[in-house]
Amino acid sequence: MLDTTITRRAALMGAASVGAWLASPARALVQAGKGLPVPAFIDQLIGRMTLEEKAGQLSLMAAAWGGSKAISLNPPSGGPSFEGQVEEARRGQLTGVFNGNSARMARIMQTAAVTGSRLKIPLIFAADIIHGHRTIFPVPLAEAASFEPELARRTAEMAAFEAAGAGIDWNFAPMVDIARDQRWGRGVEGAGEDVLLGNLFAVARVKGFQGDDFRSTEHMLATAKHFAAYGAAEAGLDYNTVDISERTLREVYLPPFKAALDANALSVMAAFNELSGIPATGNEWLMTGLLRGEWGFKGFVVSDYTGDEEMIAHGFAKDAREATKLAFLAGVDMSMQSGFYRQHLPSLVRAGEVPEERVNESVRRVLAIKAMLGLFDDPFRRIDEKREAARSMTPRARALAREAGRKSIVLLKNDGDLLPLPRSGKRVALIGPFASGPQNLNGPWVVYGDDSKSVDLATGMGAALRDKNALVVAPGSGVEEAIPGGIEAAVAAARQADVVVLAIGESFNMSGEAQSRTEIVVPEPQQALVEAVAALGKPTVIVLKNGRALALDKAVNGAQAILVTWFLGTETGNAIADVLFGAYSPSGRLPVSFPRSSGQQPYHYAHKPTGRPNPPGEKLEEYKTHFRGITNSALYPFGHGLTYGRMEYGSLTVNAQGGKEIIITATVTNRGTRGGEEVAQLYIRDRAASITRPVRELKAFRKLALAPGKSEQVRFVLRREDLAFIGRDNRPVVEAGEFDVWVAPSAEAAGVTGRFTLS
């Protein structure tokens with residue numbers, strides 16, 4: 001049995017031994033070409049390393065001592081015991097581990113590395129902190145619905161505050177993949193279908209995770225993933241082939257990565273997919289030519305989980321040795337989980353197939369970032385068990401989770417102003433598989449959250465109602481299976497109520513990695529439940545739980561009110577109750593288009609018109625672009641969302657300022673009796689260009705709060721560079737011509753429209 005008792009004296013001795021490398025003048029920074037600022041001691045250290053130790057610094061493994069959730073998130077690894085992994089750290093065979101158990105685990109491993117290894121190089125501890133550490137915030141797609149990048153920065157910063165307190169130095173987030181096919185399960189981890197929104201949330205999350213000081217014990221290194229075009233997988237099938245033009249790659253899928261790197265993200269994760277015939281993990285043009293050459297990226301690239309090994313199954317590498325060579329020479333500095341680099345890099349160097357200087361460059365990047373994170377100064381700087389407990393789920397964090405939750409909720413419809421519900425005077429039947437219980441609150445990709453500490457919908461609604469006996473709860477059905485007698489009991493409960501709230505949708509494990517769906521609909525047992533309850537004719541509110549856009553049909557879409565609530569995390573029930581009962585007027589907007597049918601996928605608002613567009617409106621014309629029976633439009637479009645006010649757009653002005661910038665203004669008025677927050681969105685269309693352009697493109701938005709009867713003028717400024725697109729030579733170009741412009745509440749709403757000419 002491994003002795004897990006590590007004294008403070010041993011920890012300090014470890015820090016002191018590493019600190020010898022930091023004595024003056026070694027703290028002076030030197031520039032390694034165009035790379036990171038590298039402390040002088042690092043090249044001295046590299047000069048003392050064996051090839052095996054260098055390969056160890058380029059090898060990252062899943063923590064052998066991980067929680068049950070961490071184990072379930074990836075395929076079985078068959079790796080060593082914890083004692084065996086600690087011994088690997090002593091032998092210099094690891095650069096670090098990910099998704100480990102706690103600060104205690106990190107302390108044991110770090111002590112082994114800095115007191116027991118030959119060169120005393122500290123480990124780096126990584127994790128998937130996708131939307132919270134102990135306090136769980138809304139899934140990233142939900143948070144994008146807030147249209148508040150600053151909110152995402154704040155929740156990322158709070159997640160970093162908790163995680164860094166638990167010994168985590170490096171985060172495998174944000175995911176910045178654009179997702180335009182809602183069948184793909186991993187869209188839940190991103191910001192949706194729009195490039196501008198993707199750029200803004202990528203920047204916000206990088207800044208939130210990293211802060212301004214890499215040495216901060218309240219922040220951690222961010223990773224932009226998955227490079228690149230993972231969200232473009234054919235048919236929305238996870239891990240599937242991607243075959244797109246370089247123009248589409250540069251115009252749609254690359255910009256959020258560039259935005260994240262410009263925000264100083266220093267880690268990039270390679271994608272699983274192949275890109276036009278070459279797996280991303282072995283794609284030299286992508287990882288070296290574009291990322292380092294064209295963009296000047298200075299950090300390091302890590303493979304995804306066994307991404308190098310998977311090039312064998314792709315049919316790109318014949319065996320493990322060749323996969324190692326291809327991945328490394330393509331520009332992937334660090335191998336995750338396969339163990340290929342430590343198994344094969346030394347022999348590849350000795351055989352002359354991989355230059356040792358290339359290995360040194362990668363090791364230099366890794367060690368330089370460890371130094372930037374302060375790990376050579378104090379390997380235990382983020383490892384503190386008392387601090388871990390003190391930072392976990394504080395009242396401030398829970399308050400932020402509640403705020404983020406309610407700002408993420410989207411009100412799709414509210415016929416007859418059914419919402420908000422009164423807090424007294426009416427009996428409410430809460431029905432559905434998500435009415436109560438902790439298991440589907442936090443959502444997918446949660447490594448460290450505790451389901452039992454999250455607030456379910458029944459609890460949140462019960463706390464909001466003045467009469468606790470006014471709420472009756474019945475599940476009605478399971479998520480994907482019927483409950484014997486469930487519908488009958490639910491109908492009986494609904495019959496006694498004045499209003500019905502139906503909590504339906506997807507379970508947490510229906511979204512996320514490897515959870516592609518062929519039909520993005522409410523599962524049949526739940527649909528049957530809704531139909532039965534709807535037959536009573538009671539006022540009905542649908543509360544959707546979902547990790548993607550859904551095709552809503554029949555009684556679900558026929559309900560008087562529909563709320564999209566995604567997976568909101570720790571404060572789920574309270575956040576939804578705040579909106580249901582009017583403590584907060586819904587302000588979220590859809591970051592993805594809800595289709596009319598699953599068969600429309602992939603559908604996104606910024607599609608091309610084709611040469612035969614169907615005329616605007618619901619009328620279908622023969623030999624025009626549409627599927628049989630439905631228009632080529634969304635059921636609920638990108639940007640759509642209602643408030644408890646009634647917003648009206650008017651008074652558009654378009655003023656071209658000498659061809660250098662265009663000033664666009666419009667007036668938004670709340671004609672309702674309640675206040676609300678509106679997201680005014682600016683869209684354009686280039687009417688004729690050398691490369692055909694989408695029917696609309698979002699260029700800016702502004703969120704404004706309006707009291708009843710109040711108006712506010714919104715002002716947008718378009719500059720020439722805002723009108724650029726990727727031209728025929730795959731470079732940005734701005735062309736003269738006529739442009740349509742809309743200021744509107746969604747990508748398919750009329751709002752107010754005008755036109756300008758760019759000379």
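Is Thr-324 buried or exposed? Thr-324 is buried, with a relative accessible area of 0%; buried means under 20% relative accessible area, exposed over 50%, and partly exposed in between, with a 1.4 Å probe and protein chains only.

## About the model

This is a predicted model, in which local features need pLDDT of at least 70 and side-chain atom pairs count only at pLDDT 80 or more, while totals for chains, interfaces and linings use all residues. Residues are numbered from 1 along each chain as its sequence is written, and side-chain values use heavy atoms, with hydrogens and water left out.

## Around Thr-324

Thr-324 sits in helix 14 (residues 320-330). Helices (H or I, at least four residues) and strands (E, at least two) are DSSP runs, numbered from the N terminus.

Leaving aside neighbours within four places in sequence, Thr-324 has contacts (heavy atoms within 4.5 Å) with Phe-340, Tyr-341, His-344, Leu-345 and Leu-348.

## Helix 8

Now to helix 8 (residues 149-165): its end C-alpha atoms lie 24 Å apart, which agrees with the 24 Å that its 17 residues should span at 1.5 Å a residue. The expected span is 1.5 Å times one less than the number of residues.

Just after helix 8, Gly-167 takes a positive phi of about 95 degrees.

An open sheet of 3 strands runs in the order 7-8-11 with parallel pairing; two strands pair if DSSP finds at least two bridges between them. Strand 7 (223-227) and strand 11 (300-302) are the edge strands, each pairing on one side only.

Strand 7 and strand 8 (residues 267-270) pair in the parallel sense over 4 bridges. Thr-223 has Ser-267 in strand 8 as its bridge partner.
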